Amino acid sequence: MCGDATNWDEEAYRESILREREIQTRTVFRTVWAPSFNPNPECVVVASSDGSIASYSISSCVSKHPIGFCSARAQRLLPAEPEGFLEGHDGPAYDVKFYGNGEDSLLLSCGDDGKIKGWRWKEFTESEVPITFQGNHMKPVLDLINPQDKGPWGALSPIPENNAIAVDPQGGSIFSAAGDSYAYCWDVEKGEIKMVFKGHTDYLHCILSRASSSQIITGSEDGTARIWDCKSGKCIKAIDPLKDKKLKGLISCVSCIALDASESWLACGSGQRLSVWNLTASECISSISNCASIQDVVFDNNQILAVGADPVLNRFDMNGMILSQIQCAPQSAFSVSLHPSGVTAIGGYGGLVDVISQFGSHLCTFRSHCV
């Protein structure tokens with residue numbers, strides 16, 4: 001027997017299909033743990049492809065989602081309700097960082113619109129605006145935008161996107177990796193560019209601050225990672241993880257980089273290879289081949305966590321030995337962040353965030369909020 005179609009709402013049905021498709025294709029590009037005096041993880045902040053910045057309570061997510069993991073179940077998760085929510089960027093938000101610690105810290109984000117925005121974290125967390133009315137309820141205290149090059153007859157080039165940011169609170173600086181192949185150093189107090197780092201031949205994927213040496217490190221689509229002196233703005237060393245011509249045909253970009261706590265060791269993700277460099281000796285000590293492209297890395301003491309274009313959290317030692325592999329919810333992961341307690345947050349395709357304990361068990365899995 002056929003159903004009654006007299007009350008069928010074609011427009012509502014179409015909107016529901018488009019909404020579901022939007023939810024399924026949203027991507028979390030960055031996760032970061034919020035600063036806290038609590039030794040246990042309290043809050044994770046995520047930057048998503050819809051331009052939003054949202055914070056989530058870990059205890060709330062754990063209580064609402066049973067402990068355990070099933071990739072099929074994760075794909076059916078409904079969006080979790082955030083603690084705080086901002087419509088940060090026109091276009092995807094690619095990175096989020098904290099500038100400073102404690103009550104005066106700023107929540108920073110960057111995105112495809114070429115902007116870097118900053119909000120007071122205390123004001124964000126203490127907002128009394130109901131979550132359904134959040135998004136544009138706070139004005140950023142920092143709103144920076146990349147410069148445009150002038151072409152013939154005074155025509156301006158498109159505003160280059162910001163793919164990543166790094167911070168140096170002691171130096172009062174924010175560094176950005178831009179789509180015009182330049183890295184920019186911004187003065188936080190003045191809101192002005194202090195220095196431009198030129199030398200890459202293609203757009204930048206990633207950037208780190210090496211504050212102990214007054215340096216930054218960038219990774220680019222041109223296949224190199226470069227170390228820059230922040231005083232002169234000059235490149236002092238170019239690192240080519242795929243010097244071998246046989247490897248060059250695999251992939252040419254440096255998509256992610258990480259420094260250890262001593263700032264003496266550098267990990268570079270280049271396609272399906274992860275290389276580890278002793279910066280003091282300027283020497284590559286190991287080159288690791290992975291079954292999928294590596295899209296983010298982070299050091300955990302003398303070990304390296306890596307995620308990429310497969311649903312796996314890899315743990316390597318410094319010599320490239322695989323120590324463990326844990327299945328994670330995103331089918332393709334773009335971010336792994338490590339809390340001091342050892343808990344990791346992994347974000348990626350589908351708007352999914354997977355929180356894994358220091359023992360390898362899944363604490364919770366949730367889908368990020370939809371604008």
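Glu-263 sits in the loop that runs between strand 17 (256–259) and strand 18 (265–270). The model described here is a predicted one. Glu-263 is buried but forms no salt bridge. The nearest side chain of opposite charge belongs to Arg-210, at 4.9 Å. A salt bridge requires a side-chain nitrogen of Lys or Arg within 4 Å of a carboxyl oxygen of Asp or Glu. Apart from neighbours within four places in sequence, Glu-263 has contacts with Ser-209, Arg-210, Ala-211, Ser-212, Ser-213 and Leu-279.

## The protein overall

The protein has 371 residues, of which 52% are buried. Its secondary structure consists of 5 helices and 28 strands. Of the contacts between residues at least 6 apart in sequence, 48% join residues at least 24 apart. The accessible surface is about 17,500 Å², and carbon and sulfur atoms account for 51% of this area.

## Salt bridges

Side chains of opposite charge can pair when their charged atoms come close. The structure contains 5 salt bridges. The table gives three of these pairs, with the distance between nitrogen and oxygen.

| Pair | N to O distance |
|---|---|
| Asp-95 and Arg-30 | 3.1 Å |
| Arg-30 and Asp-296 | 3.1 Å |
| Lys-97 and Asp-95 | 2.9 Å |

Through shared partners, these bridges join Arg-30, Asp-95, Lys-97 and Asp-296 into one network. How far apart in sequence are the parts that Asp-95 and Arg-30 tie together? Asp-95 is in strand 5 and Arg-30 in strand 1, so this pair ties together parts 65 residues apart. Arg-30 also pairs with Asp-296. Since Asp-296 lies in strand 21 and Arg-30 in strand 1, that pair ties together parts that are 266 residues apart in sequence.

Asp-296 is buried, because its relative accessible area is 8% and the cut-off for buried is under 20%.

## The surroundings of Asp-296

Asp-296 belongs to strand 21 (residues 294–300). Its side chain makes a polar contact with the side chain of Arg-30 at 3.1 Å. The side chain of Asp-296 also reaches the backbone nitrogen of Val-336, at 2.8 Å. Not counting residues up to four places away in sequence, Asp-296 touches Arg-30, Cys-256, Leu-305, Ala-306, Val-307, Phe-334, Ser-335 and Val-336. One of these, Ala-306, is 10 residues from Asp-296 along the chain, and the C-alpha atoms of the two are separated by 5.8 Å.

## Aromatic pairs

There are 8 aromatic pairs in the structure. In one of them, the ring centres of Phe-29 and Tyr-94 are 5.2 Å apart and the ring planes stand at 70°, so the pair is edge-to-face. The pair links distant parts of the chain, with Phe-29 in strand 1 (residues 28–33) and Tyr-94 in strand 5 (residues 93–99), 65 residues apart. Phe-29 and Tyr-94 are both buried. Ring pairs join Phe-29, Tyr-94 and Phe-334 into a cluster. Phe-334 is also among the residues that Asp-296 touches.

Ser-214 lies in the loop between strand 13 (204–210) and strand 14 (215–220). Its phi is near 55°, which is a positive value in a residue other than glycine. With a relative accessibility of 26%, Ser-214 counts as partly exposed.

Asn-301 is in the loop between strand 21 and strand 22 (303–308). Although Asn-301 is not a glycine, its phi is positive, at about 60°. Its relative accessibility is 67%, so Asn-301 counts as exposed.

Gly-351 is placed in the loop between strand 26 (344–348) and strand 27 (352–356). Gly-351 is buried, with a relative accessible area of 0%. Which residues is Gly-351 in contact with, leaving aside its neighbours within four places in sequence? They are Arg-26, Thr-27, Val-28, Phe-366, Arg-367 and Ser-368. Gly-351 and Arg-26 are 325 residues apart along the chain, while their C-alpha atoms are separated by 4.9 Å.

Definitions and conventions: Residues are numbered from 1 along each chain as its sequence is written. This is a predicted model: local features need pLDDT of at least 70, side-chain atom pairs count only at pLDDT 80 or more; totals for chains, interfaces and linings use all residues. Side-chain values use heavy atoms; hydrogens and water are left out. Helices (H or I, at least four residues) and strands (E, at least two) are DSSP runs, numbered from the N terminus. Buried means under 20% relative accessible area, exposed over 50%, partly exposed in between (1.4 Å probe, protein chains only). Lys and Arg count as positive and Asp and Glu as negative; His and the chain ends are not counted. Contact means heavy atoms within 4.5 Å. Rings of Phe, Tyr and Trp (its six-membered ring) pair if their centres lie within 6.5 Å; planes under 30 degrees apart count as stacked, over 60 as edge-to-face and the rest as tilted. Accessible areas come from the Shrake-Rupley method with a 1.4 Å probe; for residues, only the protein chains shown count as cover. A polar contact is a pair of N or O atoms within 3.5 Å; within protein, one must be able to donate a hydrogen and the other to accept it, and residues adjacent in sequence count only if both atoms are side-chain atoms.
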